[in-house]
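Keep the viewer open as you read.

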Amino acid sequence: MTVWLRPGRTGPGARQPPPEGAAFASPFEGAPFALPPGGAPFALTDRGPHGVTLHALNDAARAAGLFRGQSHADACAVLPALIGAPAEPERDLGMLKRLALWAERFSPSVAVDAREPGYEGLLLDMTGGAHLFGGEAALLADIRARLAAANIPARLAIADTPAAAWALARFTASEDVIAPAGQTREAIADLPVEGLRLEPGALVLLKRFGLRRIGDLYGLPRASLARRFRGPEGIRVVERLDQVLGVLGEALTPERPAPAYRVWSPFAEPLTDVAGVDFHLPRLMRALCAQLAQAGQGARRLSLIGYRVDGRTTSIEAGLSAPSASADHLIRLLRGKGLEHLDLGFGIDAMMLSVGKAEVLEARQGVLAGAKSRLQIPSPLAGEGAAHAKHGRMRGRDADAAHNESLRALPGDPSSSHAAARRGPLLLPQGEKENSSSLAALIDRLRAKLGEGAVLRPQAVESWIPERSETWALAGPEAPEAAFDLGRERPILLLDRPEEVNIPVTELPDGAPRQFTWRRVQRRVVKAEGPERLSPEWWRPRTDAGKPVRTRDYYRLEDDQGRRYWLFREGLHAREDLDVDPETQEERERHPTWWMHGVFA
């Protein structure tokens, strides 16, 4: 189906505000020029390489013999009463795209057709969908009534192929044209060859050969027809003829990708408040989930779209961390996203739920009676359960407090939670709430409240440098690909940036410290273990912020209060004591330094 926004009596492009009290406001409202009185000749002008020419004309200007591409000076000489205004193709194209979004209430696949200047319009794929609107005739009547309420002159046509509908809408005298199914060949036979959307040179040659109607080309062999032209024009003529007859397919590029699944409902009276939307949401969601369940699919991206009475649309979208076909979960997700964010304007007269992305929904077996099966769930500290709402990275004591709070939320003894994380995944009885489905639902609700990129989990990175061995990734129920290094003991709190400490006393130059000062508090060491040497990664630059990267020796220390720390000495005595000054290029002495990197308990 095609909708041609033909030049009407009020000016090309129909850029005119709707009449007062109209139920549907035109997307082309707000004309930047004063429109002429009814019946006056009017044209939009465009400045090109050949001067100012006519870009589009209304019926009165065409009736006076003016045509598109004609010089504006010649047109004024022929018709001094011509009223002109500058054309705005980019603005008109943007308005045409807005109208395409409005037309999605009739079809999930709506394309903007702006390839032929002066014949701009819309293409709608109505395959198998016209009966939802009472048939093809009732569909055209509905669209025409809505466009007429906005004072948008248009011609509409339905045919078996997009090319045939395009030609019928633009080269027939009828306002609405319906080509019966299977009779496209007869319906377009008497149309001029301009309906094939050919280049001007090809049209001139066809008329020179006496081929003025599309039907005149039916009896010609394709090979001889192509040989009549020089270069690619012959191939183009054959291609366009095959497209209009349906021999060769023609793909449409929708303004917005068609959803995988969708349900929609019109309303007799516009919904003017969020309560009405919330009332109808469960019914639509159950119908959508029935489609998903029948196909064995789950939604990964969900959209709620409201079609306003003024021709605009309002929508909210929600993404899911795992495919779901649960109506209750999807309803809670959209409500958590905020139905109050819908801009209903003067009301919406239709509402649609669509699934932009769907994935296969894997079946899950429930608990058998008397079964003692256990479901293996990755440890929260290993990445999945430790979903982190990113309102800013926490550092220092704040991070320590937040970490202790997260430990209290884990199953089992808090003091042994980190040790369990190091041993591997937790084993939870099947059927408990701590399973992947409930985790995915929790992540979805947090993302709906905080934003798509706000819920994160730690993701392991293959690096032996502690601050590089972990990063933040979008939270999801799936396990991370890279595994944590479970063979080495690491502190429960790792500082984002190591903090320098003062070491006044050591047993040996390369030994563990006897006491140190950190955050202005002196601590006496009673137990020490180490060192664990970590050399610089050879594939990375040997300098960091202009300073040479040096070897680290890590120690696990315990003070007289029972607190355990993770310190490292950066640099080796008598081997990494010298570096080069970046300004003078002279060697300078640089003694090893001590840094606090984490806390065990």
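Helix α3 (residues 89-102) runs for 14 residues and spans 20 Å from first C-alpha to last, close to the 20 Å expected at 1.5 Å a residue; that expectation is 1.5 Å times one less than the number of residues. Helices here are DSSP runs of H or I with at least four residues, strands are E runs of at least two, and both are numbered from the N terminus.

This is a predicted model: local features need pLDDT of at least 70, side-chain atom pairs count only at pLDDT 80 or more, and totals for chains, interfaces and linings use all residues. Numbering starts from 1 along each chain as its sequence is written, and side-chain values use heavy atoms, leaving out hydrogens and water.

Back on α3, the buried residues are Asp92, Met95, Leu96, Leu99, Ala100 and Trp102, where buried means under 20% relative accessible area (1.4 Å probe, protein chains only). Down the axis they fall within an arc of 155 degrees, so they line one face of the helix; the arc uses directions from the helix axis to the C-beta atoms.

Now the rings. There are 9 aromatic pairs, meaning Phe, Tyr or Trp (six-membered ring) centres within 6.5 Å, with planes under 30 degrees apart stacked, over 60 edge-to-face and the rest tilted. Two edge-to-face ones share tyrosine 565:

| Pair | Centre to centre | Between planes |
|---|---|---|
| Phenylalanine 516 and tyrosine 565 | 5.5 Å | 85 degrees |
| Tryptophan 518 and tyrosine 565 | 6.2 Å | 80 degrees |

Tryptophan 518 lies in strand β19 and tyrosine 565 in strand β24, so their pair ties together parts 47 residues apart in sequence.

Methods: Buried < 20%, exposed > 50% of the residue type's maximum accessible area, 1.4 Å probe, protein only.
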